[in-house]
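Please look over the sequence and the structure below before reading on.

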Amino acid sequence: MLYLEAAGVDFETQTRQKAYSAILAEYGAQYASDEAVIRTPDMPAPDVARVSIGFAALLLRLSDFLLLEHDHVESAFKEDAKKRIREAIGERAIVVEDEIVSSHLTEVRPDLVIRAQNRDPVAVFLAQSAQRVNDTIFLQMAALYESKDVLAVVVLLEADSSISSKLRQRASNRLSAVPIFRNDEDQAVQRIVHEAVGIGGMIH
């Protein structure tokens, strides 16, 4: 449990506490908080091999909390970023979610597409991983050299540590903007607004 908490899993919520307790009970195990270990009941030596298989399954079930926590963090970042971008854009442009930016560019779908009058569309990707940044670069290259669509492509990184410095350099040299969200949220969002509506359309 200490490992899961150190990895960012919050067991203070009632839902997680119940789920954790239910999994332990299913395998007849208990968490000894004073020793920070999971214990099973004493058993005869011939039963150890059989029970150890179940214990391994228990550990796998508990590791799912890490996947759930990652999904929760990703969802929180995306929802927060989308909300801030929509509020900053207001009625100056149309903002749509999870739609293709062009009928010629269907392989990759941005998180947001911003369309302002008399401006090129802006495809916005919200990224916590290298894969999403590579998707962004792919779309930009496809637009430039294959479909010839004129658009701006932006990737909003959740944090400075979301990707390697080498990949960030590649993205910065190819994309319209690579703002970083955490600890400078307002300016990161304003960088996207700048691409979408221009300096004249920005609110200070």
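Is Arg132 buried or exposed? Arg132 is buried, since its relative accessible area is 17%, where buried means under 20% relative accessible area, exposed over 50%, and partly exposed in between, with a 1.4 Å probe and protein chains only. The model is predicted: local features need pLDDT of at least 70, side-chain atom pairs count only at pLDDT 80 or more, and totals for chains, interfaces and linings use all residues. Residues are numbered from 1 along each chain as its sequence is written, and side-chain values use heavy atoms, with hydrogens and water left out.

Leaving aside residues up to four places away in sequence, Arg132 touches Val108, Arg109, Pro110, Asp111, Phe125, Leu126 and Ala127; contact means heavy atoms within 4.5 Å. A polar atom of the Arg132 side chain lies 2.8 Å from the backbone oxygen of Arg109.

Arg132 belongs to helix H4. Helices (H or I, at least four residues) and strands (E, at least two) are DSSP runs, numbered from the N terminus. With 18 residues, H4 reaches 24 Å from its first C-alpha to its last, close to the 26 Å expected at 1.5 Å a residue; the expected span is 1.5 Å times one less than the number of residues. Buried residues of H4 include Val133, Ile137, Leu139 and Ala143, and their cover includes S5, S6 and H5. After H4 comes Lys148, with a positive phi near 65 degrees.

The strands come next. S3-S4-S5-S6 is the order of an open sheet of four strands with mixed pairing; two strands pair if DSSP finds at least two bridges between them. Its edge strands are S3 (94-97) and S6, each pairing on one side only. On average, neighbouring strands of this sheet are turned by 20 degrees against each other, direction ignored. Strands S4 (residues 112-115) and S5 (residues 122-127) pair in the antiparallel sense over three bridges, and Val113 stands opposite Ala123 in S5. H4 lies across S5 and S6 and runs at about 165 degrees to S5; axes are lines fitted to C-alpha atoms, for helices over the stretch in contact, and angles run from 0 to 180 degrees between N-to-C directions.

Helix H5 (residues 165-174) has Leu167, Arg168 and Ala171 as its buried residues. Seen down the axis of H5, these fall within an arc of 100 degrees, so they line one face of the helix; the arc is that of the directions from the helix axis to the C-beta atoms. They pack against H4 (130-147) and S6 (152-157). Ser165, Lys166, Gln169 and Asn173, on the other side of H5, are exposed.

Methods: Polar contact = N/O pair within 3.5 Å; in protein donor to acceptor, adjacent residues only side chain to side chain.
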